[in-house]
Amino acid sequence: MTIDKSWTQIRKRSNSAVFWQGLQSFLQMAKPHVNDRGFIRCPCNRCINNVQHQLEVLETHIHRFGFMSDYNEWIYHGENVNAASSSNVPQPNSGVHDRDEMFEVLEDIISNDAEVDQLGSQSSNVQYNDLFTALNSELYPGVSSFLSLNFLVKLMHLKVMNKWTNKSFDELLKLAFPKMDLVESHYEAKKLMTKMGLGYQSIHVCKNDCALFWNENSTSKTCPVCSESRWKMQAGRRTGKNVPHKVLRYFPLAPRLKRLFATSKTAKLMQWHRAGKSTDDNVMRHPVDDRAWKDFDRMHPVFADDVRNVRLGLAADSFNPFNNMSISYSMWPIVLTTYNLPPWLCMKPKYLMLSLLIPGPQSPGKDMDVFLRPLIEELKDIWENGIDTRDAGNDRKVFKMRAALLWTVNDFPARSSLSRWNGQGYKACPTCNEDTPSMRVIGKTAYFGHRHFLPSTHRWRSNLDFDGRTERKRPPHRFSSVDIMDQLRRVKTIIPGKHPNYGGVK
């Protein structure tokens, strides 16, 4: 029977029913010839039968890049299978340079997208076209060993590591690489990198930290709490351009978690906590050995059943970005770490995920929850609904990944901002609560009574060298969750922000 191959020559593929029907027939013919992992050679103009993919990715590639013109006998996909040695069939890797390392990076990004171009609607996803163009563009004519995208990624890395200014980066491109048509400035380079899923969202913030101009307030011109203008003003008038007072940088969590399952090696490491936990109940080498982790699993058995569900920790602290202590400026990064990974990896820089970059110049203080809102909303959505993720360690099958935030890592002042528990004053200890032993010493609050926690017969309780007294008090009682909730109900409603007529200064 003659196979109709005319559809492979159609150029306007997006709205062509003939192309779509031919592609579906080709996929049906190729389906019985996938390997045991569900992979088969891809005959698109990018892969030219040198790369194996699953049929869903084949469908995407052929629809986006077209069918290779010189593949006339489909011997790898079901036509005349016994003629695999035919001389007029292009053989894989024949006359083709070794693939650039960035090709595998893009394959992971595309194939791990849970919405892998569902072509049932015949809609063409072109968001990766610029990346593939850069991937196949030579840095200079005749230099095929070092392609443009690979060079640009490494150049951007050098800029960050060596603290180049944006202007110096632009001048380097113009001076040393005038023939590189890929990008002409650092701004264009950042736009291209954003398509690899490494971007962030810029969210405007009220000058008094009252609210974010986000979601229901995204189009507002004034703050919904204090009515201050969204834009900077000069002499009571807005400047020529709309310049916001503050900008919060938010790095979405979902694509970064999905990227952890994009390669088989990392996907398997994300399951280490199930097999790697200590068998000795008296030994703790990883948070999985902690009682809190085990209690959480007992409370949420459905979440615990899937070893791939993610446990997160959140760290927060302030720093001065100007490397000059004479300038008073406090910026707060919010960093997430993944506790699924083994202990020798979960704290490595490459596995730490920057989630929020809270602007200064002042510390957010009691308004930390205003800035945390985008992260909290996304965490709630991932917990309740999950996100479709391809697991490269399990034949790239899609599963519903969920995540939970188990711990925070911070010093005492940062803890006060995150929890709104006042870290100053006579009742500052969150453990002792209202039983905190404290006194005023030379204008400062001092905390004493540490001997309360010793056994009643301990010899240090009767030692007079501490404060000249014998310690007879018992340890502060443990406050139950009911006690804590009762205290929260007595807390008055706090208006966010630092406006003197609304939230207040602190």
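Among contacts in the protein between residues at least 6 apart in sequence, 56% join residues at least 24 apart, a contact being heavy atoms within 4.5 Å. The model is a predicted one, in which local features need pLDDT of at least 70, side-chain atom pairs count only at pLDDT 80 or more, and totals for chains, interfaces and linings use all residues. Residues are numbered from 1 along each chain as its sequence is written, and side-chain values use heavy atoms, with hydrogens and water left out.

The protein holds 15 helices and 15 strands; these are DSSP runs numbered from the N terminus, helices being H or I of at least four residues and strands E of at least two. Of its 506 residues, 41% count as buried. Here buried stands for under 20% relative accessible area, exposed for over 50%, and partly exposed for what lies in between, with a 1.4 Å probe and protein chains only.

The largest nonpolar core comprises 42 residues, and Leu 257 and Ile 334 have the most contacts inside it. Such a core is a set of buried Ala, Val, Leu, Ile, Met, Phe, Trp, Tyr and Cys residues joined through side-chain atoms within 4.5 Å. At least two residues of this core come from each of β3 (201–205), β7 (246–250), α8 (254–260), β8 (310–316), β9 (332–338), β10 (353–358), α13 (368–384) and β12 (397–401). Helix α13 supplies the largest share, seven residues. Another core, of 22 residues, lies apart from it and includes Phe 26, Cys 42, Leu 58 and Ile 75. Leaving aside neighbours within four places in sequence, Leu 257 touches Val 310, Leu 312, Met 353, Ile 382, Met 401 and Ala 403. In strand β8 sits Ala 315, which is partly exposed at a relative accessible area of 28%. With neighbours within four places again set aside, Ala 315 is in contact with Pro 333, Ile 334, Val 335 and Val 409. Between Ala 315 and Leu 352, 37 residues apart in sequence, the C-alpha to C-alpha distance is 9.9 Å.

A pair of rings is described by the distance of the centres and the angle of the planes. The structure has 18 aromatic pairs, counted for rings of Phe, Tyr and Trp (its six-membered ring) with centres within 6.5 Å; planes under 30 degrees apart are stacked, over 60 edge-to-face, and the rest tilted. Trp 272 and Trp 344 make an edge-to-face pair, because their ring centres are 5.8 Å apart and their planes stand at 80 degrees. Since Trp 272 belongs to helix α10 (residues 272–275) and Trp 344 to the loop between β9 and β10, this pair ties together parts 72 residues apart in sequence. Trp 272 is buried, at 15% relative accessibility, whereas Trp 344 is exposed, at 52%. A tilted pair is formed by Phe 303 and Trp 383, with 5.2 Å from centre to centre and 35 degrees between the planes. Phe 303 in helix α12 (residues 301–305) and Trp 383 in helix α13 are 80 residues apart, and their pair links distant parts of the chain. Phe 303 counts as buried at 5% relative accessibility, while Trp 383 is partly exposed at 30%. Ring pairs also join Trp 7, Phe 19, Phe 26, Phe 67, Tyr 71, Trp 74 and Tyr 76 into a cluster.

The second largest pocket holds about 1200 Å³ of space. A pocket is an open set of points on a 1 Å grid over the protein atoms alone, where a 1.4 Å probe fits, with protein on both sides within 12 Å along at least five of seven lines; lining residues have an atom within 4 Å of a point. Grid points are joined across faces, edges and corners, and the volume is the space filled by probe spheres set on them. Among its 32 lining residues, Ser 416, Arg 420, Trp 421, Asn 422 and Gly 423 are the closest to the centre. Two or more lining residues come from each of α14 (412–419) and α15 (481–489), and α14 gives the most, six.

Some backbone details complete the description. The peptide bond from Gly 360 to Pro 361 is cis, with omega near 5 degrees, and Pro 361 falls in the loop between β10 and α13. Asn 433, in the loop between α14 and β14 (438–441), has a positive phi near 60 degrees and is buried, with a relative accessible area of 4%.
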